[in-house]
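The sequence and structure are shown first.

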Amino acid sequence: MSGENYRSPTKSHEPGWNDPPPKLTSKSSVTASGGSENTPSREEMFRQIQTVFDEYVQRSEEGRRATVQKRFNLMYQQWTDKKLPEVLEKLIYMLVTALQEQDVNRANAVHRTIVCDHGSVCVMWAPVLRHPIMELQQRGEETGNDDNSIVQPIQ
């Protein structure tokens, strides 16, 4: 049997199909681009999150209001019991700031990250985070503040 197929410290080789994948040094995510340098304290983030979501609950339909409030309360309870990872708390705060700045694309990206990366923690209340995003998107379509407004027909 020939020894040329085996690795030796003296021979170099090109990476092939049987080599292990290279180790990644860091995982880029939405949190890396979020500007974590100027995030407020945990209590300030919670107050701002509560204010924005409670305003949405007051604007929602009367029939859905109790269900929506119940799901937000589940999130609030996990937050106050410190059962949420710090990364998830920052993502929720980033979602709220995107909603306040009326940035639908960023809000969608942050919501997607929340659901994909922390789905097991937020399975009961993550779907309700989508509601304010959809409302913002509908308001943007009604007022015509769409980024692609040039392709929209004249009415």
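## Helix packing

Helices α2 and α5 pack with their axes 9 Å apart, at an angle of about 120°. Helices here are DSSP runs (H or I, at least four residues; strands are E, at least two), numbered from the N terminus. Axes are lines fitted to C-alpha atoms, for helices over the stretch in contact, with angles running from 0 to 180 degrees between N-to-C directions. The angle therefore makes α2 oblique to α5, given that angles under 35 degrees count as roughly parallel, over 145 as roughly antiparallel, 65 to 115 as roughly perpendicular and the rest as oblique. The crossing of α2 past α5 is left-handed, a term used if the near helix is turned anticlockwise from the far one by less than a right angle.

The model is predicted: local features need pLDDT of at least 70, side-chain atom pairs count only at pLDDT 80 or more, and totals for chains, interfaces and linings use all residues. Residues are numbered from 1 along each chain as its sequence is written, and side-chain values use heavy atoms, with hydrogens and water left out.

On the α2 side, R64, V68, R71, F72 and M75 meet V128, L129 and H131 of α5; contact means heavy atoms within 4.5 Å.

From α4, the residues V104, A107, N108, H111, I114 and V115 meet A126, L129, R130, I133, L136 and Q137 of α5. By class, this contact has eight nonpolar, three polar and one charged residues.

| Helix pair | Axis angle | Axis distance |
|---|---|---|
| α2 and α5 | about 120° | 9 Å |

## Overall fold and core

The chain has five helices and zero strands, in the order α-α-α-α-α. Among contacts with a separation of 6 or more, 63% link residues 24 or more positions apart.

The largest nonpolar core comprises 33 residues, and I49, F53, F72, M75, I92, L95 and I114 have the most contacts inside it. Such a core is a set of buried Ala, Val, Leu, Ile, Met, Phe, Trp, Tyr and Cys residues joined through side-chain atoms within 4.5 Å. Two or more residues come from each of α1 (42-59), α2 (62-80), α3, α4 (104-117) and α5 (126-143). The largest share, nine residues, belongs to α3. Beyond residues up to four places away in sequence, I49 touches M75, Y76, W79, E89, I92, Y93 and V96.

## Selected residues

T97 lies in α3 (residues 86-100) and is buried because its relative accessible area is 16%. Apart from neighbours within four places in sequence, T97 contacts Q48 and R106.

H118, in the loop between α4 and α5, is likewise buried, at 13% relative accessibility. Excluding residues up to four places away in sequence, H118 touches P85, V87, L88, L91 and T113.

E44, in α1, is partly exposed because its relative accessibility is 39%. The C-alpha atoms of E44 and Y93 are separated by 9.9 Å, although these residues are 49 residues apart along the chain.

Conventions. Buried < 20%, exposed > 50% of the residue type's maximum accessible area, 1.4 Å probe, protein only. Nonpolar A, V, L, I, M, F, W, Y, C, P; charged D, E, K, R; others polar.
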